[in-house]
Every structure is written in structure tokens, then in C-alpha cells.
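Hi,

Here is the structure I said I'd pass on.

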Amino acid sequence: MSRIVYVNGEYLPEEKAKISVFDRGFLFSDGVYEVISVLNGKLIDTRGHMLRLNRSLGELDMAAPCSAVEIESIVKKLVAENSVEQGLVYLQITRGAADRDFFYPENPSPTLVMFTQSKNLLDDPNAEQGIDVITVPDLRWQRRDIKSVGLLYPCMAKMEAKMAGAKDAWMLDADGYVTEGTSNNAWIITQEGTIVTRQLSNDILHGITRKAVMALAGENDFSVEQRPFTPAEAYEAAEAFVTSATTFVMPVVKIDAATIGNGLPGEMTGKLREIYIDMALRTE
């Protein structure tokens, strides 16, 4: 049975779903997106994702195609139509179709596309063994806080990591500090047990899972610092991990040539993953 997707008011089999060749998302990457996790058929942290979506739209002076309440209703219907128990919902909004011109068109009709992916998020084997990452220069544009559909450089960095035999890449700013992973926020845990992640700014995406993990760490009396860190500091860390809606809390056991800790997922990382998943499963 074909997957059902949503395009501009219609629920369609994926092979019949189409957008205009003049859509500005296609021509200029003039669009934003969100990814919402699904566990036991329930959406995780929808409000946080809708708030960030609204912020991204505002930063680009882009009209919303409908209200957050309507978007959530569409998302829930797609999850039900596709019988998604575990997985993800992707939604993308572009400025819409218009004749090619760098200037924003006047009064365009935004394009709204949504689709689901069924995926086993809870029993990811990478969470049992950890992942390895390499470091690469961060060559993206300077508004990484906007969740834009312009993801070419993260794709290039992921491919560079794959060619090096790694799972992902951490990107470095001009001063040599880690910004984030290609599709996740980067964290380390010092030998003293302090959790460190880069502070919010235009340099990184304001991760929804990041925010939740920050709150959970505080509730469990973990020490957290928001500041930049270098690869050299990361090499000497007791533990490292990444956070995202697609991987929750994922341990990192190797960075470049450096083995982190004993080369196995760390105890604190495991605890953070456990309490995050427990929180997510209790979401109503």
C-alpha cells in the first residue's frame, strides 16, 4: 500500500504528490522544515516544534499556510493514515511558486508538504555501541538558527564522514570550536562530570531535543555548562553524545582518531537517553 502524503490541502498516494517546478523551495531553498518524532503513535513535543517553526517563518518573513493547530491536526491524520507506531513526520513550508526572481514575490501562496517515515527509534543499535564522528570546517551560512531546507553542506559533510568510515561529522567554526553535528546538537561530558554544549545563538540550531535534555539534566541534578568547546577538549572528555528528534540521545565513542572514555557508551549518556525516552513515552 502506498504511503499517504499531504500536499497543499490534499492527502495523496506519494507517487501522485507533486509541486510546481517554480516552487521557491526548489529554486532557492526558500523554505523551512520540522521533524517530529512519533512513539506509540503519539507525537513528541509538538508544541516545541510548532514554536520553532513559527520562529523560522518569522525570521524569513514567510507566511504560514495555516495555523499551528491545523498543522498538528494534519500531522495526526497522516500518522493514523500511515499506521505509524514509531517514526518521524517531516513537514516543509516554502514561500510558494512564483516566476524565478531573487526578490520575494508579493502575496505568494505558501506550499505545505508533509510525509511520514516509519522507523524503529527505541531500539537503534547505534545507541548500544555508540557512533564515531569526524570534524570538518563549518561552511554553512550564518543563520543556522533558522531550520532551513538548504541542507546541501550537511549532506556533503555526512558523505565525507561516510567516506572516512564514520557515522557523522561535527563542524568547527573559524576559531576551531565545535558548532554542532550535521543534523544534531553536539555535547561532551568532562572528566569532572559536567555536561557541556554550545550556547544558543545564530551559530547553531535551537534543538527541541536539546532543550528537553537540558531541562531533564537540571531536574536530575546534573551540572550543565553552555559554552563552546574544542575538538581537543572533546578528545579528553569522559563521554560525548548528540541529540536530535531522530536519534534522541545518541552516544559518541570516537571523535577523529580519539577514543572517548573506554570506547563504549557512557553511564551519564545512557541515563540521559533513558530519562528522555521515559519522558517521551509519557507524553500525552
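The largest pocket holds about 940 Å³ of space. A pocket here is an open set of points on a 1 Å grid over the protein atoms alone, where a 1.4 Å probe fits, with protein on both sides within 12 Å along at least five of seven lines; the volume is the space filled by probe spheres set on the points, which are joined across faces, edges and corners.

Bear in mind that this is a predicted model: local features need pLDDT of at least 70 and side-chain atom pairs 80 or more, while totals for chains, interfaces and linings use all residues. Numbering runs from 1 along each chain as its sequence is written, and side-chain values use heavy atoms, without hydrogens or water.

Back to the pocket: 44 residues line it (an atom within 4 Å of a point), and Tyr33, Lys147, Ser148, Leu151 and Thr182 lie nearest its centre. Helix H5 gives the most to this lining, with five residues. Helices (H or I, at least four residues) and strands (E, at least two) are DSSP runs numbered from the N terminus. Domain 1 (4-118) and domain 2 (125-282) each supply at least three lining residues; those bounds come from an automatic or database assignment.

Ser29, between H1 and E3, has a positive phi of about 55° although it isn't a glycine. Asp61, in the loop between H2 and H3, is another non-glycine with positive phi, near 50°.

Cheers
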